[in-house]
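Dear colleague,

Please look through it once before you read my notes.

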Amino acid sequence: MTDFEPVIGLEVHAQLKTAAKLFCRCAAGGFDAPANTNICPVCTGQPGALPAANAGAVELAVRAGLALNCRVNEVSVFVRKNYFYPDLPKAYQISQYDLPLCGAGEITIDLKAGGTKKVRVRRAHLEEDAGKLLHSPAGGAQDHTLADFNRSGVPLLEIVSEPDLNSAEEAYSCLTELKLLLQWAGVCGCDMEKGELRCDVNVSLRPRGAATPGYKVEIKNLNSFKAARDAVSYEISRQAAALNNGETVARDTRLWDEKARRTEPMRSKEAACDYRYFPEPDLPPLRVAPELLAGLKSKTGDLPREARARFIRDFALNAYEAGVVASTRELAAYAEACMRHAATIGLGSKPIMNLLGGEFLARVNENRIAPKDLAEKAIRPELLVKTAALASSGKVSASAAKTLFARAWETGRDPQALLEELGLAQVSDPAQLEAWAREAIAARPKAAQDLKAGNERALGPLVGLLMEKSAGKANPRAAGEVIRKILGE
Ligand SMILES: [Zn+2]
């Protein structure tokens, strides 16, 4: 058996978050709208209609290129990619080919075994989306196909990596980091279910240490990163088995069958053909003004990798915590505001992280607060910090801190004032604790007997009952000590 090394490259289509389509003024969103209502002569390819490039889409593509460390070309060229398909009324797609908007770049990924790897980006170019075919639509005849052109002409950024990835796990990490970068740059919603991010992967094997393989197998239309990882794993085994059998692996385009857990060849009519690229005669070369590029560069700021490193360095978070708070640009800004404020009152980042990673994110997810709305809809950072300080000082119990946090969020009021008003201060007064402890012991004589006999597990239910009697206000540690003391008498 030969030891093979997988050679993997990515091709990702990201839908750019513009209001209008790439070459006309039709709405780019609203795919729930009735079929063929967001269309015009340009995006349906009527004779004589003239496309004009959407400056907003170009700007988003440049921002994406900067996040991917790409060289942004001052001049790039739109081309016609010719092919016939029923979802493409023009019989060509306007794309970019040998002069793309964004040239060579790189994505740095973390490796499971430790360390990092730079995955080169070959290019990132602008192109328009095609329409959507509805096969055998509900209520229609079984052998009918309808075409909806609402999607035709929606701006896409096609990002192509060099084949620098060598395992299914690396492909997964690279896709995850790429998605984070695109979201961070604010250029793409990245919802794969809505088709905002689509990924194709190519996989081939070469004997370890050998040059590039002589074939390439492409897996198209992977609808999740998990599917991409599974499909790559499957392909690695399939190709290795074939090669070890003395067979050659054909250059091929395949689809991942999620149910059968294997890849299948695509029907040949859907596979690639000669596109006969030529420059789009209706569009001038695309120029990015140096001032625009310089302005966008200056606004790029920290990228996720730098933000994570800063949280680890400046706020002593571990790698996992840094990943959580730097999952979006907005959350990173919010968390940093909290931690900076905490530092001014001598509070470390641990109690802040406890709240942020727990109650805070639970509430954000529950109320579906989008990252862009955090600053407006989430609790003010200083109120979060005050709650964390009260919990960390032991003035409120963990459960009371949750209540306090919820009330501070809802009312926007000072946690200290709410604490007094709601009577949530933690009780450590020995006389009061003893009274509750005696009640708990009287109610659970069996548990009390067991604890007295040395069964430590009986302490939990007694403390639990005491906490209940105190309405969550007793200090659990002190409560346990009082119970032991009474039973030890
Ligand atoms: Zn249009």
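Predicted model: local features only at pLDDT ≥ 70, side-chain atom pairs only at ≥ 80, totals over all residues.

In it, eight strands form an open sheet with mixed pairing, and their order is β5-β6-β9-β1-β10-β11-β12-β13. The edges are formed by β5 (105-110) and β13 (262-265), each of which pairs on one side only, and neighbouring strands of the sheet are turned by 30° against each other on average, direction ignored. Strands β1 (residues 4-15) and β10 (residues 197-207) pair in the antiparallel sense over 11 bridges, and within this pairing Ile8 has Val203 in β10 as its bridge partner. Helix α3 (residues 225-244) packs on the sheet, where it touches β1, β10, β11 (217-222), β12 (252-257) and β13, and its direction makes about 25° with that of β10.

The count of salt bridges comes to 42. One of them joins Glu162 to Arg122, with the closest N and O atoms 3.1 Å apart; because Glu162 lies in the loop between β9 (155-161) and α2 (168-184) and Arg122 in strand β6 (residues 116-128), the pair ties together parts that are 40 residues apart in sequence. Glu162 is buried, at a relative accessible area of 18%, whereas Arg122 is partly exposed, at 40%.

In another salt bridge, Asp129 and Arg151 have their closest N and O atoms 3.4 Å apart. Here Asp129 is buried at 8% relative accessibility, and Arg151 is buried with a relative accessible area of 12%.

Conventions:
Residues numbered from 1 in each chain as written. Heavy atoms only, no water. Pairing = 2+ DSSP bridges. Helix = DSSP H or I, 4+ residues; strand = E, 2+ residues; numbered from the N terminus. Axes fitted to C-alpha atoms, helices over the stretch in contact; angles between N-to-C directions. Contact = heavy atoms within 4.5 Å. Salt bridge = Lys/Arg side-chain N within 4 Å of Asp/Glu carboxyl O. Buried < 20%, exposed > 50% of the residue type's maximum accessible area, 1.4 Å probe, protein only.
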